Amino acid sequence: MFIQDLRQDFYNRLIDKRILIIVNYDIDAICASKILQALLKYDHKVYTVVPIMGLAGLKRAYREHQDDVKFVLLLNCGGCVDIVELLQPDEDVIFFICDAHRPFDVCNIYSDRQVCLLAEPSAEENIPAFESIFCESDNDEDDNDTSEEDDNAEEPADTEHSAQTAKKLSRMEKYEHRILKQRERRVWENERDRIMFEYTQFSYYGRSSALTIFELAWKLSKDEMDLLWWAIVGITEQLILGKIESSVYTLEIDNIQSHVNRLTNKINDQSNMSASKIGFENDLHLVLYRHWSVLESMRYTRYCACKLKLWTLRGEKKLHELLVEMGLPLVHARQTFSSMDLVLRQEFFSMIAKLAEKYAIPDIIYGSFTLHYGYRNRYSAADFVYALLAVLESVKKDKTPEVCFLEALDSLSRNHKDILIAGIEGSKLLHQAIFKQVQSSLESHQIFSTGSFLYFILNQENTYFSYPYGLLLLAKFMLNGHVATSRSRTAPELPLIVSCPIDAERGLCLLAGIPPVQEDSPKNFFGKAFEQAAQKCNAAILQDFFETSLIQIRQSDLTRFLDALTVLLS
């Protein structure tokens, strides 16, 4: 069931209780858990935080920590599966689910005891009515009663002929009644299947979990600048990774700005000038440009690179023309942004804004927030997102996902600036690797079309693309680059599937599907499509991620699977 009074129905119920917090391996969930931990520490509450990467991790985390735990909070996980069926908990265990993934599982929505969803039901989600998907299972009992009566009716009895005739009629009526009931049941089941297919057909994202937990802090009067900043990072991740539409982000900005103004006035009243400050300003969709050179930032930003086709000589020439027209010498453009002339730095935004329309890059400007603390520390929310992405993807043999999770959590704190800087440097390498892969793939025409979708297959393992975030960023860059260079009119209408080997010994690869460029909505239909294609061709796939458009599949089954998907989508 949905609960909207988070203070009364969620937080106040945790008094003097130990809570198990299971956190999905994504930035929004990490920011939400950071805010919640600050609240729980403030109130001296006992809690355990466990990071997970998929359904198997969720089951293992609950199994290992279920002793003496009666309250479990799931952050960005568990909302889209029947959590009670999956974990088989005791009847007195209550699950609080704060999950941005949609659509919610209907069993979670209509659970009146064990599952509480920390969200507001939206009309856009088209949640099916209870009566249309659940019904009382009385038919089986009726059928059993009818069959027993039929058996009794068949027993020999020395009765009059009229009584036997009446018995036969009543038996026929019961038989017809049972047939009618079965027919009505089949019609109802077919209608339910249709409703459930329409409801679960697309996977998409709802409101940021970090923002939801921050609003809880606000209602508890325990909000502060650091907590608000973590909420901003959470929703910025949704924007940068294309999880939400820009219009949704714009609406949330107004709400966030009111919190920024309120907390800024509070800090000024307290004369605490050493505290962090958050500012709202129009910023540029350029990757880490404050910590990189302008030339490299523009080259490795997906939007700029695809609009100007920067992997070609003509595109490189056009970029140089843009810099000349801006009045930015090439010597300065190749320097780190912080080393550029002060006047050029101050005028950089206005330089690009004037020429954005002329060079067909109008969407390079967007509203964003920046964090200031100390004299020299200035970071945009996007800088934090890119840095955290690199930290989460830096899994190695001697560095487990749990260690990366803890580092990402620490990097949000101001006293762990070294982790943030290392993340920024790692993010630069990731974006360079993506650009080089896109450039070589487009030049060698390695993106193929089946008529109903595009696909690109990496044949060798690559440490940057063996993890979900890296592969999804590559897929988005690859699709936009292909559409920019393709002469086909149908290219903007086709989705893309990208595959990368992740375990050569076991022959496994990671597969990701993304919607077409032409689609305004980030809704993704590949989750259901992958499931149906695997059933048709009997391919073994592992849909363990909470992002259903990401699967693991054997390389030997890949061709058969793509053929089945082509038939399904044609």
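**Close-up views of a predicted model**

**View 1. Helix H9 sits mostly inside the structure.** Of the 11 residues in helix H9 (residues 209-219), nine are buried, so the rest of the structure largely encloses this helix. This is a predicted model, so please read each view with that in mind. The buried residues of H9 are Ser209, Ala210, Leu211, Thr212, Ile213, Phe214, Glu215, Leu216 and Ala217. Look at the start of H9 to find Ser208, where a side-chain oxygen comes within 3.3 Å of the backbone nitrogen of Ala210. Just past the helix, Ser221 has a positive phi of about 60°.

**View 2. Helix H2 crosses helix H18.** Here the axes of H2 (residues 27-42) and H18 (residues 401-411) come within 10 Å, crossing at roughly 65°. The crossing is right-handed. On the H2 side, the contact is made by Ile30, Ser33, Lys34 and Gln37, and on the H18 side by Phe405, Ala408 and Leu409.

**View 3. Six strands form an open sheet.** Follow the strands in the order E11-E12-E13-E14-E16-E15, and you will find mixed pairing. At the edges stand E11 (448-449) and E15 (541-542); each has a single partner strand, so one side of each lacks a neighbour in the sheet. Within the sheet, E13 (residues 496-503) and E14 (residues 508-514) run antiparallel and are joined by seven bridges. Cys500 stands opposite Leu510 of E14.

View 4. Helix H22 (residues 555-569) lies across E12, E13, E14, E15 and E16, and runs at about 120° to E16.

View 5. A disulfide is a covalent bond between the sulfur atoms of two cysteines. How many disulfides does the structure hold? The count is zero. For Cys77, which is in no disulfide, the nearest cysteine sulfur belongs to Cys98 and is 10 Å away. Cys77 is buried, with a relative accessible area of 0%. Cys107 is partly exposed, and its relative accessible area is 31%.

Methods. Residues numbered from 1 in each chain as written. Predicted model: local features only at pLDDT ≥ 70, side-chain atom pairs only at ≥ 80, totals over all residues. Heavy atoms only, no water. Disulfide = S-S within 2.5 Å. Buried < 20%, exposed > 50% of the residue type's maximum accessible area, 1.4 Å probe, protein only. Pairing = 2+ DSSP bridges. Helix = DSSP H or I, 4+ residues; strand = E, 2+ residues; numbered from the N terminus. Contact = heavy atoms within 4.5 Å. Axes fitted to C-alpha atoms, helices over the stretch in contact; angles between N-to-C directions. Polar contact = N/O pair within 3.5 Å; in protein donor to acceptor, adjacent residues only side chain to side chain. Left-handed = near helix turned anticlockwise from the far one by under 90°.
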